[in-house]
Amino acid sequence: MPLLISISKIIVALAALSITGLTFIRLISFLSQQRTFNELPLTNPYLALLIDGSCLVLFIIQHSFMKTSAVTNIIKKIGFETFQRTIYVVFTALTLQLLMIYWKSTTTLFLWKIDTLQNDLCWWTFTILHGIAWSFIYGGCLIMDLYEMIGIKQIYYDLRDLGNPRQCKSEHLLRLHDHCRHPSIICLIIILWIYPVMSLDRLMLAVILTVYALLGFQSDHLDYVYQKEQMHQKKIELEHYF
């Protein structure tokens with residue numbers, strides 16, 4: 001029986017990693033792929049915005065509601081505390097998948113429109129800029145402990161009877177993670193707004209996600225001081241090695 005439970009936990013961890021990875025790859029394509037809107041069929045812009053808005057509301061409700069103490073306490077009471085972060089991340093990934101599947105692009109009224117398919121310089125400019133931004137986001141996730149963010153490390157520690165991985169982190173780091181769980185918000189804003197075609201649906205996506213991200217960003221002066229001290233410490237270590 002213990003072996004079966006361990007195998008089940010490993011399967012859950014691998015499934016969470018796969019779902020999260022595929023969603024991240026698809027999100028990159030969804031937000032950064034440069035499309036031509038001339039080939040899209042004409043759609044009712046009001047219907048498209050209604051569908052898109054509903055998808056965004058669903059994502060925001062899920063992403064915010066599942067972080068509440070009421071939900072986390074329920075998960076703990078039913079004995080799934082180890083999978084709490086994993087459940088949250090998987091549901092977030094599935095909600096994002098629904099958003100990307102049912103998203104409707106409007107084909108009228110553009111704030112600006114740059115045809116990058118006919119201009120190699122523009123295409124490479126947007127591609128390189130978005131590539132750098134995504135690299136910073138991924139790098140930030142690695143620095144902030146990617147596997148703990150996904151919930152895999154919690155399962156691994158549970159299998160090895162090592163307790164909660166958060167116990168191994170300093171109080172200042174835990175405080176920073178609680179205030180700013182998503183790294184590189186500026187890069188996300190760059191991806192949302194610096195895009196060749198700013199249609200109505202893209203504008204709505206950019207405005208709502210920018211406001212939502214900024215409202216969720218709660219870092220303060222103490223977090224800034226902690227990060228500054230860590231950067232200084234890393235600089236000293238690098239100078240020592242090289």
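User: Which residues form one aromatic cluster with Trp-134?

Analyst: Trp-134 clusters with Phe-24 and Tyr-138. Keep in mind that this is a predicted model.

User: Okay! How many aromatic pairs does a search of the whole structure find?

Analyst: The search turns up six aromatic pairs. One of the pairs is Phe-59 with Tyr-212, an edge-to-face arrangement with the ring centres 6.4 Å apart and 75° between the planes. This pair links distant parts of the chain, since Phe-59 is in helix α2 and Tyr-212 is in helix α10, 153 residues apart.

User: Is Phe-59 buried or exposed?

Analyst: Phe-59 has 9% relative accessibility, so it counts as buried.

User: What about the rings of Trp-123 and Trp-124, how are they arranged?

Analyst: Their centres are 4.9 Å apart and their planes stand at 90°, so this pair is edge-to-face. Trp-123 counts as partly exposed because its relative accessibility is 31%. Trp-124 also counts as partly exposed, at 49%.

User: Let me zoom out. How many helices and strands are there in the protein?

Analyst: The protein has eleven helices and two strands. Reading from the N terminus, the order is α-α-α-α-β-α-α-α-α-α-β-α-α.

User: And what share of the residues counts as buried?

Analyst: Of the 242 residues, 36% count as buried. As for contacts with a separation of 6 or more, 82% of them join residues 24 or more positions apart.

User: Back to helices. At what angle do α2 and α4 pack?

Analyst: Helix α2 covers residues 45-65 and helix α4 covers residues 84-102; they pack at about 175°, with axes 9 Å apart. The two helices are therefore roughly antiparallel to each other.

User: Which residues of α2 and α4 meet there?

Analyst: From α2 the list is Ile-51, Asp-52, Cys-55, Leu-56, Leu-58, Phe-59, Gln-62 and His-63. On the α4 side you'll find Tyr-88, Phe-91, Thr-92, Thr-95, Leu-96, Leu-98, Leu-99 and Tyr-102. By class, the contact of α2 with α4 is made of eleven nonpolar, four polar and one charged residues.

User: I see some of those numbers are three or four apart. Why do residues at that spacing point the same way in an α-helix?

Analyst: An α-helix has 3.6 residues a turn, so residues three or four places apart point the same way.

User: Nice. Tell me about Tyr-102: which residues does it touch, away from its sequence neighbours?

Analyst: Leaving out residues up to four places away in sequence, Tyr-102 touches Ile-51, Asp-52 and Cys-55. Tyr-102 is part of helix α4, and its relative accessibility of 47% means that it counts as partly exposed. The C-alpha atoms of Tyr-102 and Ala-48 are 9.5 Å apart, although 54 residues separate the two along the chain.

User: New topic! In the largest nonpolar core, which residues touch the most other members?

Analyst: That core has 20 residues, and the ones touching the most other members are Phe-30, Leu-31, Leu-56, Leu-99, Trp-103 and Leu-205. At least two residues each come from α1 (2-32), α2, α4, α5 (120-143), α9 (185-193) and α10 (200-216). Helix α10 gives the most, with four residues.

User: Last one: which residues of helix α7 are buried?

Analyst: Helix α7 spans residues 152-159, and its buried residues are Ile-152, Gln-154, Ile-155 and Tyr-157. Gln-154 has a relative accessible area of 11%, which is why it is buried. Setting aside residues up to four places away in sequence, Gln-154 touches Thr-82, Arg-85, Tyr-147, Glu-148 and Pro-165. After α7 comes Asp-161, with a positive phi near 55°.

User: Thanks, that helps a lot!

How values were computed:
Residues are numbered from 1 along each chain as its sequence is written. This is a predicted model: local features need pLDDT of at least 70, side-chain atom pairs count only at pLDDT 80 or more; totals for chains, interfaces and linings use all residues. Side-chain values use heavy atoms; hydrogens and water are left out. Axes are lines fitted to C-alpha atoms, for helices over the stretch in contact, and angles run from 0 to 180 degrees between N-to-C directions. Angles under 35 degrees count as roughly parallel, over 145 as roughly antiparallel, 65 to 115 as roughly perpendicular and the rest as oblique. Contact means heavy atoms within 4.5 Å. Ala, Val, Leu, Ile, Met, Phe, Trp, Tyr, Cys and Pro count as nonpolar, Asp, Glu, Lys and Arg as charged, and the others, Gly among them, as polar. A nonpolar core is a set of buried Ala, Val, Leu, Ile, Met, Phe, Trp, Tyr and Cys residues joined through side-chain atoms within 4.5 Å. Buried means under 20% relative accessible area, exposed over 50%, partly exposed in between (1.4 Å probe, protein chains only). Rings of Phe, Tyr and Trp (its six-membered ring) pair if their centres lie within 6.5 Å; planes under 30 degrees apart count as stacked, over 60 as edge-to-face and the rest as tilted.
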